[in-house]
Amino acid sequence: MKSYITKSSIEIGQNASGEAISVTKFTINGTDTKAKKVYIQASMHASEIQGNAVILALLNHFNEKQPLGNITIIPQCNPIGRDMLIGAGHEGRFDAANGDNWNRYYFKPEINYQAFAESHLKSTQAGYGKALRQLISTQIENALQSDFGLSRARRLNYRMQQEALWADIILDLHTDTHAVDYLYSPKYAKAHAEKFGFEHVLLIENKCNGALDEAGFYPWWSVQQAFAKLAREEPVLVESYTLELGSEELINDKKAEIQAQRILDYLTFQDVVSATSEHKHALAKPVAFYDEDSFRSVYAKNGGLYEWFLLPGETFVKDQVIGQCLQMAHAKAIPICYPFDGLLISINGKGALQQGSHLLNVINAL
């Protein structure tokens, strides 16, 4: 790799002998100090591996074409979950020791945003931006030094959040089970989210329930709203997204090239990378936006063996039979249908499921 790409390690924990558990960090130095800074990570849910193929495509691109803005990339950012196998598969989404979801413990700062806005009413964007980052950084660092210690998931999330905190753009690369590509975007960034070219975009409100995208945009959206109450119109200075890149436990190199190009399309729009004569767009068909209330998780009404007649990305209508559940104890097949029209986003990748297991993710507001 050329000199503007550097590789380092970050300690995120210690194993049972006290040795460091580390992740690899790539830093790509841009040519323009005024350009936006970017943070990208993959595989916080360790079984969600497609993002690493996308990162490799991005690194190959940046090895040839230096970006304008600085970019930090951390592939396989969860080495604990990466090496936590049950049989032939990853535990992946949860810490097998205590059930923690690896992507639900990012730090939510304790800030009086209205008071902060009032104290920085005459500050420049750069001034209040630096002050807010420093305030959050101090709170995270204090939390990491807790006398009572932190769970593995919480410590890992906080360390990754420290890396992401100084970025203007945060991209968290995930996958679903057996799924289509889709994007989680804060509602304020709807127009910019379209530049990724994802066919399906789920718009979310200003909240912070523990995922990285929410932890990334929540403080900045909150302070923007606080400034608005004081009649100062400000943009939200940080954009933070979750990119769902298809199905877990799978790598698709050709698809990764397209997904990497979609990220480059967005970064070109943001003036983080330069468009060139050979720049190829990877925009999808017309982009569909959905409010988060239309996104529904569906759970198994019956335990049994599941067969599906539709694929992720396909639509269904009210009362259409989209699959069946075989119950061998009763020697019968139960048809599966729902009392609404919908779009199938993802299907549980397992065929044998107990009653109450997560079954599908659907959009039911078509």
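Two strands count as paired if DSSP finds at least two bridges between them, and the elements themselves are DSSP runs numbered from the N terminus: helices (H or I) of at least four residues, strands (E) of at least two. Welcome to a predicted model, where local features need pLDDT of at least 70, side-chain atom pairs count only at pLDDT 80 or more, and totals for chains, interfaces and linings use all residues. Residues are numbered from 1 along each chain as its sequence is written, and side-chain values use heavy atoms, leaving out hydrogens and water.

**The sheet of 9 strands**
- This open sheet has mixed pairing and runs in the order E1-E2-E4-E3-E7-E11-E9-E10-E12.
- Strand E1 (5-14) and strand E12 (288-291) each have a single partner strand, so one side of each lacks a neighbour in the sheet.
- On average, neighbouring strands here are turned by 25° against each other, direction ignored (axes are lines fitted to C-alpha atoms, for helices over the stretch in contact, with angles from 0 to 180 degrees between N-to-C directions).
- E3 (residues 38-42) pairs with E7 (residues 169-176) in the parallel sense over 5 bridges, and Gln41 has Asp172 in E7 as its bridge partner.

**Helices across that sheet**
- Helix H1 (residues 50-64) lies across E1, E2, E3, E4, E7 and E11, at about 140° to E3; contact means heavy atoms within 4.5 Å.
- Helix H5 (residues 152-164) lies across E1, E2, E3, E4 and E7, at about 150° to E1.

**The sheet of 4 strands**
- Here the order is E17-E16-E14-E19, an open sheet with antiparallel pairing.
- E17 (332-336) and E19 (352-353) are at the edges with a single partner strand each, so one side of each has no neighbour in the sheet.
- E14 (residues 304-308) and E19 pair in the antiparallel sense over 2 bridges, with Leu305 opposite Ala352 in E19.
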